[in-house]
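Dear colleague,

I am passing the structure on to you below, and my notes on what was found in it follow directly after.

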Amino acid sequence: MKWHGTPATGDVVRVSRRSPQSWAVDRSLKIARSLLFSASLTVTALASERAIVSVKCPLDGTEFEAVQDFSGYAEGQRLDLKKLGPISQPPALARCPQCSFPIFSKYLDAPLATRIRAILAGERFRTEAVPAKPWFALGILREELGADPFEIGWTYLNATWEAEDEGGRYAPAAERALAWFERAAEARRDDPERRRDCHVALYLAVELSRRLGRFDEARQKLTRLDGVVDEELRWLASAKAAQARLIAARKSAPDDGREDLPPPPR
Ligand SMILES: [Zn+2]
């Protein structure tokens, strides 16, 4: 999966079209849409819609009910790129109650299914991922699969949002997101095709360092973005300025995203 960056502040974004989590979400959206349409429910535009749908684990065929998102719109975003507005962040991620597979796709070819089964049966997954929440478990699974570093970083970023309601779990997810975004930035530094991902990874390393209270590290990382102008990351300039202010004030709390909220969608 190739991701072309986060939506710019000011855009109204359908999560199913632009979200970096779209691989996982698109599948669930299709499931939910088909169920909802068959039930003759009305899809309301510009609202976050969730539904309980029937899901079948592609590994062992277990059928269960799970919450799924089928629409959402971003009206703005926080400094950690969490979208704000009528949108689920992170998107709901169904997880098989039988094998604990966080179902990022219901379409797995045989070789991939075999690899995932082996990972799920392994010691690390059973001890670290099974007790964890779905996005964190998916991060571990993607690490074990040797997925793209940016994709792993983004998965753990979702895990930080998943952990927000349980203060103590934010830091482990943030630490992993930070480490993987650092690897992603390094891996993509000289790749013109992935430069935007490199910029996003460098930026998120600043935010995650700040949120972890490492202000000196955050300040140093922010200098790596000196002179970086990316026309497709329209939020970057204001986000860099906000980071400089927050780091100077030694504030590690999440922002409320209000500074740069765009006009409401039409
Ligand atoms: Zn299963």
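**Notes on the loops around β6**

Ser-100 lies in the loop between β6 and α3; helices are DSSP runs of H or I with at least four residues and strands are runs of E with at least two, both numbered from the N terminus. Please keep in mind that this is a predicted model, in which local features need pLDDT of at least 70 and side-chain atom pairs count only at pLDDT 80 or more, while totals for chains, interfaces and linings use all residues. Residues are numbered from 1 along each chain as its sequence is written.

Although Ser-100 is not a glycine, its phi is positive, at about 70°. This residue is partly exposed because 19 other C-beta atoms lie within 10 Å, where buried stands for 20 or more such neighbours within 10 Å, exposed for 12 or fewer, and partly exposed for the range in between, with C-beta atoms placed from the backbone.

Leu-81 belongs to the loop that runs between β5 (76-77) and β6. Its phi is positive, near 70°, in a residue other than glycine, and Leu-81 counts as buried because 23 other C-beta atoms lie within 10 Å.

As for the protein chain as a whole, there are ten helices and six strands, and 42% of its 266 residues are buried.

With kind regards
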